[in-house]
Amino acid sequence: MNNDHPTALSEKDYLSILETIQHFQKCRTRKDLRDAFESHLLSLFEGQAGVLGWMDSDLSKAQIIDAIGFSEEELRIFPEWIPYEPLCKNIVTSSRPVWANDVDVTREEEEAEVQRFFIDHPNYARTDYPFFDRTKTAILSMNHPELSIGLSVHRQIPHDKPFTLREIRIMELLMPHIQQIIKSIALSIELSQFKSLATEALNNVPIPMAMVRSDARILYRNQAFDDLLHLQTGQVLPVEMCTLMEKEIAQYSKPLDLDIPKIEISFFTLPGGDYSLSFTRLPDDLEFPSWLLRLKPINGPYSKINLLMQQAGLTPREMEVCILVKDGIADQEISSRLFISPHTVKNHAKSIHKKLEVNTRPQLVALLNQEPSE
């Protein structure tokens, strides 16, 4: 066993993760979310600034952004800067949910893109946007496959020590839980604009959606959901879908599993094909504890690969290893990123090869990076 790095996070790290999640679980409003972001997440990652973004293209394409440590003028440039931002460019094309400067992208690469941005946008003067000079390192998380939630923590001069694999791992374990809270609050804000949730917010959305109680009984479904499943209000979801919902709810209920981040997507097969399911907890002020259920056809590469791995029977840990292999990460670094021993990585690799019926790492990489057949 290689002892160059620890093979587990410390007990203190796990306690900090749990405390942070519990604090976010108490959030009910956008102000609560901002306070938790500032008091707990920035503190945990020793950051001085941060950005939180949410966009839901299924509803009204509204975007909710909150930020700490950035001026309104600085935030206005963000939509044009993001396509240049190396962390953003990498995270949307990879399968990893967390990227960081100093580990995945160098500060030199970041600075080169900043310079290119201002060359391409001569209408902006760099001197008017000091965050480019005071912010030298960041850690960024986005939720796959939707990429609807983005959260970044920034360290600013003179407190800009490098991010580490340990902090990437902590963010990976935190984010599935925090993202559920962000989605719930963001949906609450979004849907509060409509007097009638059912008729005004959901009915004309082309994505099949339904409001369901925690016992899987349908409170409301839109036309697209009705056309796909032919279920009426008051009926219970199909048994297989109920099982998926119970599993989804359990992942964010106590006791929390903090060892492996949520990677699996919930899939449901219908005569027309495979669909991914997402469940978002709706505001607590409704009459019953309720969830918003959405079904989307499998069309993105992340969803297709996830389905391939699940159909082959890979465990959550094996799926984590596969995602890193797909991104070209060597075994030794996989060991470091997942805080497991190199021997354990090799055992997972053997199991993965057997389940996916490949014999070598290049064959596995080729399988994971190809477009799965329709």
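Modeller: Start with M211, whose bridge partner in β7 is Y220. A210 also has a partner in β7, namely R221. This is a predicted model: local features need pLDDT of at least 70, side-chain atom pairs count only at pLDDT 80 or more, and totals for chains, interfaces and linings use all residues. Residues are numbered from 1 along each chain as its sequence is written, and side-chain values use heavy atoms, with hydrogens and water left out.

Colleague: What makes a run of residues a strand or a helix?

Modeller: Both are DSSP runs, numbered from the N terminus: helices are H or I with at least four residues, strands are E with at least two.

Colleague: How do you know that β6 and β7 pair?

Modeller: Two strands pair if DSSP finds at least two bridges between them. Three bridges join β6 to β7 (residues 218–221), and the two run antiparallel. Their hairpin has four residues between the strands, where A216 takes a positive phi near 75 degrees.

Colleague: What is the strand order of the open sheet?

Modeller: The order is β7-β6-β10-β9-β8, five strands with antiparallel pairing. β7 and β8 (266–270) are the edge strands, as each pairs on one side only. On average, neighbouring strands are turned by 30 degrees against each other, direction ignored.

Colleague: Why is F70 called buried?

Modeller: Buried means under 20% relative accessible area, exposed over 50%, partly exposed in between (1.4 Å probe, protein chains only). F70 has 11%, so F70 is buried. F78, at 12%, counts as buried too. In strand β6 (residues 209–213), four of the five residues are buried.

Colleague: Why are F70 and F78 called edge-to-face?

Modeller: Rings of Phe, Tyr and Trp (its six-membered ring) pair if their centres lie within 6.5 Å; planes under 30 degrees apart count as stacked, over 60 as edge-to-face and the rest as tilted. For F70 and F78 the centres are 5.5 Å apart and the planes are at 65 degrees, so the pair is edge-to-face. F118 and F132 also qualify, because their centres are 5.1 Å apart and their planes are at 80 degrees. F118 lies in α6 (residues 107–120) and F132 in α7 (residues 131–134), so this pair ties together parts that are 14 residues apart in sequence. F118 counts as buried at 12%, and F132 is buried at 4%.

Colleague: How many aromatic pairs does the whole structure hold?

Modeller: The search finds twelve. One aromatic cluster includes F70, F78, F118 and F132, with W81 and Y84 also among its members.

Colleague: How do you know that the charge of R96 sits over the ring of W99?

Modeller: The rule asks for NZ of Lys or CZ of Arg within 6 Å of the ring centre and within 35 degrees of the ring normal. The charged end of R96 is 4.0 Å from the ring centre of W99. R155 sits over the ring of F163 likewise, 3.9 Å from its centre.

Colleague: What is the angle between α13 and α14, and how are they described?

Modeller: α13 (residues 316–326) and α14 (residues 331–338) pack at about 130 degrees, with axes 10 Å apart. Angles under 35 degrees count as roughly parallel, over 145 as roughly antiparallel, 65 to 115 as roughly perpendicular and the rest as oblique. That makes α13 oblique to α14.

Terms used. Axes fitted to C-alpha atoms, helices over the stretch in contact; angles between N-to-C directions.
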